Amino acid sequence: MATISFDLVSPENLVFNDNVGSIIVPGKDGDIGILPGHSKVMSSLRPGRVMVYNEENNLVKSFFVSTGFVEINPEKCILLAESVNEMNDLDKSTIENEIRNLESENSDSVNNKLYVARKKIEALESTFYKN
């Protein structure tokens, strides 16, 4: 089976770099499934899960990205994210406490942080994709 090169980059570092079987990313207008040979696409991202699968379609890694961009071509996928967390590192109770603290404030930056925190909870509770 063919593979596609995948780079996941945050402002701080290269988070993930490997050849993989497939990737699912949270595109602005919906999830994008990426396989080797994918047509050229560039999209902004919404907060959500990035699912990385090997050639046998087993989940290798799962990340949460806040926002960013993805560039796809037949051989490579590059995802540039504003912030990245491994799904295994997210703690639901910590995020719920963050939401409670943010709800008492009111500003555009707080509203954006609140939106991203709620999306993290949604991603943690999601059973849509095979884990």
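Modeller: The angles run from 0 to 180 degrees between N-to-C directions, and the axes are lines fitted to C-alpha atoms, for helices over the stretch in contact. This is a predicted model, in which local features need pLDDT of at least 70 and side-chain atom pairs count only at pLDDT 80 or more, while totals for chains, interfaces and linings use all residues. Residues are numbered from 1 along each chain as its sequence is written, and side-chain values use heavy atoms, with hydrogens and water left out.

Colleague: Why are H1 and H2 called roughly antiparallel?

Modeller: The axes of helix H1 (residues 92-103) and H2 cross at roughly 155 degrees. The cut-off is over 145, and H1 and H2 are therefore roughly antiparallel to each other. The two axes come within 9 Å. Helices here are DSSP runs of H or I with at least four residues, strands are runs of E with at least two, and both are numbered from the N terminus.

Colleague: What is the hand of the crossing of H1 and H2?

Modeller: H1 passes H2 in a left-handed crossing. That term applies if the near helix is turned anticlockwise from the far one by less than a right angle; clockwise would be right-handed.

Colleague: Which residues of H1 and H2 meet?

Modeller: Contact means heavy atoms within 4.5 Å. Among the residues that meet are Ile 95, Ile 99 and Leu 102 in H1, and Leu 114, Ala 117 and Ile 121 in H2. Leu 114 touches Ile 99, Leu 102 and Glu 103, leaving aside residues up to four places away in sequence. Between Leu 114 and Leu 102 there are 6.2 Å, C-alpha to C-alpha, with the two 12 residues apart in sequence.

Colleague: Is Leu 114 buried or exposed?

Modeller: Buried means under 20% relative accessible area, exposed over 50%, and partly exposed in between, with a 1.4 Å probe and protein chains only. Leu 114 has a relative accessible area of 8%, so it is buried. Ser 43, in strand S5, is also given as buried, at 14%. Ser 43 touches residues including Gly 27, Ile 32 and Phe 69, not counting residues up to four places away in sequence.

Colleague: What makes Asp 31 and Arg 46 a salt bridge?

Modeller: The term needs a side-chain nitrogen of Lys or Arg within 4 Å of a carboxyl oxygen of Asp or Glu. In the pair of Asp 31 and Arg 46, the closest N and O atoms are 2.8 Å apart, so the pair qualifies. Asp 31, at 37% relative accessible area, is partly exposed, and so is Arg 46, at 28%.

Colleague: How many salt bridges does the structure hold?

Modeller: The structure holds 6. Another of them joins Lys 61 and Glu 86, at 3.3 Å from N to O. Lys 61 is in strand S7 (residues 59-65) and Glu 86 in strand S10 (residues 84-86), so this pair ties together parts 25 residues apart in sequence. Lys 61 counts as partly exposed at 29%, and Glu 86 likewise at 27%. Glu 122 and Lys 119 also meet in a salt bridge, at 3.4 Å; they are 3 residues apart in helix H2 (residues 108-125), about one helical turn.

Colleague: How many aromatic pairs are found, and what sets their type?

Modeller: The search finds 2. The rings of Phe 6 and Phe 16 have centres 5.8 Å apart and planes at 45 degrees, so this pair is tilted. The rule is that rings of Phe, Tyr and Trp (its six-membered ring) pair if their centres lie within 6.5 Å; planes under 30 degrees apart are stacked, over 60 edge-to-face, and the rest tilted.

Colleague: Why is the pair of Phe 16 and Phe 63 called edge-to-face?

Modeller: Phe 16 is buried, as is Phe 63. Their ring centres are 6.0 Å apart and their planes stand at 65 degrees, so the pair is edge-to-face. Phe 16 lies in strand S2 and Phe 63 in strand S7, so the pair ties together parts 47 residues apart in sequence. Phe 6, Phe 16 and Phe 63 form one aromatic cluster.

Definitions and conventions: Parallel < 35°, antiparallel > 145°, perpendicular 65-115°, else oblique.
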